[in-house]
Structures are given as C-alpha cells and as structure tokens.
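Colleague: I am new to this structure and would like to learn how to read it. Could you take me through some features one at a time?

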Amino acid sequence: MFRLNLPQYEIKISEKCGKRMIFDFLRRKYVALTPEEWVRQHFVHYLVEHKGYPKGLIGNEIELQIGAKRLRCDTILYNRMARPQMIIEYKAPTIPIQQKVFQQISIYNLLLKVDYLIVSNGIQHYCCKMDYENQKCLFLEDIPDYEKL
C-alpha cells in the first residue's frame with residue numbers, strides 16, 4: 001500500500017474471496033483494504049497508541065441521517081457522556097485535501113456540532129477546533145492529545 005505520514009503499527013492483513021482485507025480493531029473484524037481504509041486504520045491506531053484516545057470512545061463508519069438521506073462518518077470520537085466530540089474524515093493518499101473535503105465534514109457537523117474536525121489523507125492532516133460563539137473554525141498546528149481536548 002502507500003507510505004503514510006503516520007506511525008507504523010502491527011498491521012493484520014488477510015485475503016477473503018480474492019480480496020485483501022485489513023483488521024479493524026475497533027469493529028473487531030476484517031474489512032476491505034481500500035486506500036481510504038489504509039489511512040483510517042493507521043490514523044485510528046495513531047490516536048489510540050500515540051495520542052491517548054480511548055478506543056472504547058471511537059467509532060468507525062457511523063451512519064447519520066438527514067431526512068431521507070443517509071450519510072456515513074468515517075470516524076467519530078465520543079466524550080464520556082456518549083456525545084460526539086470529534087469527526088474525522090479520511091481520503092486516499094492520492095486524493096488532495098481540498099475545500100470540498102471540508103464542505104463534506106461540515107455537513108456532518110451540522111448534525112453533530114462537535115468540538116473538533118479532522119481531515120486526513122494519511123500524508124496531510126488538518127485539525128480544526130470549532131468556535132461556535134464566534135462562528136469560526138480555528139486550525140490547530142497538531143492533533144491534540146486526548147487529555148487536552
């Protein structure tokens with residue numbers, strides 16, 4: 001797969017019906033190994049192993065509904081009261097992070113009103129802290145450790 005700007009971890013890959021699969025330790029199952037999934041698995045391991053995020057508060061592929069339309073958030077971090085606190089959107093390493101990626105994650109945030117938004121293609125990572133009072137999105141220099149959220 002692609003070399004990412006994220007720490008390595010012990011990757012579990014298998015093959016099923018001729019398709020490569022990667023183990024998602026949050027969902028506790030093997031899922032299709034796509035370039036986006038490669039980024040997701042590396043990023044979630046980074047959050048848990050290097051930033052101190054509790055894996056029990058992170059969910060992958062969370063479905064949202066706006067009217068009859070169903071959307072799917074790549075990853076959501078919940079706080080200890082089970083309220084969404086962070087939305088993370090992934091793209092394949094070959095997809096540049098552009099304005100439409102931020103528009104996509106902003107649509108999810110209209111429903112969830114989280115404190116943090118992150119977008120990553122595994123090479124570039126952007127983290128924003130929402131300032132609802134001043135109607136701003138403040139870009140942070142780094143992904144905060146869990147204890148600093």
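**Reading the features**

Modeller: Start with a strand pair: strand β2 (residues 19-24) and strand β3 (residues 29-32) pair in the antiparallel sense over four bridges. Strands are DSSP runs of E with at least two residues, helices are runs of H or I with at least four, and both are numbered from the N terminus. Two strands pair if DSSP finds at least two bridges between them. The model is predicted: local features need pLDDT of at least 70, side-chain atom pairs count only at pLDDT 80 or more, and totals for chains, interfaces and linings use all residues. Residues are numbered from 1 along each chain as its sequence is written, and side-chain values use heavy atoms, with hydrogens and water left out.

Colleague: Which residue stands opposite M21 in β3?

Modeller: In a regular strand, side chains alternate between the two faces of the sheet. Here A32 in β3 is the residue opposite M21. The two strands form a hairpin with four residues between them, and R28 in the turn has a positive phi of about 55°.

Colleague: Does H42 count as buried or exposed?

Modeller: Buried means under 20% relative accessible area, exposed over 50%, and partly exposed in between (1.4 Å probe, protein chains only). H42 has 1% relative accessibility and therefore counts as buried. Its place is in helix α1 (residues 35-51).

Colleague: What does H42 touch?

Modeller: Contact means heavy atoms within 4.5 Å. Leaving aside residues up to four places away in sequence, H42 touches L4, L6, P7, Q8, Y9 and I11. A polar atom of the H42 side chain also lies 2.9 Å from the backbone oxygen of W38.

Colleague: How many salt bridges does the structure hold?

Modeller: A salt bridge is a side-chain nitrogen of Lys or Arg within 4 Å of a carboxyl oxygen of Asp or Glu. The structure holds 11. In one of them, the side chains of R27 and E37 meet at 3.2 Å, N to O. This pair links distant parts of the chain, with R27 in the loop between β2 and β3 and E37 in helix α1, 10 residues apart. R27 counts as partly exposed at 25% relative accessibility, while E37 is buried at 6%.

Colleague: Which residue forms a salt bridge with E61?

Modeller: R40 does, the closest N and O atoms being 2.6 Å apart. E61 lies in strand β4 (residues 58-66) and R40 in helix α1, 21 residues apart. R40 counts as buried, at 2% relative accessibility.

Key
Polar contact = N/O pair within 3.5 Å; in protein donor to acceptor, adjacent residues only side chain to side chain.
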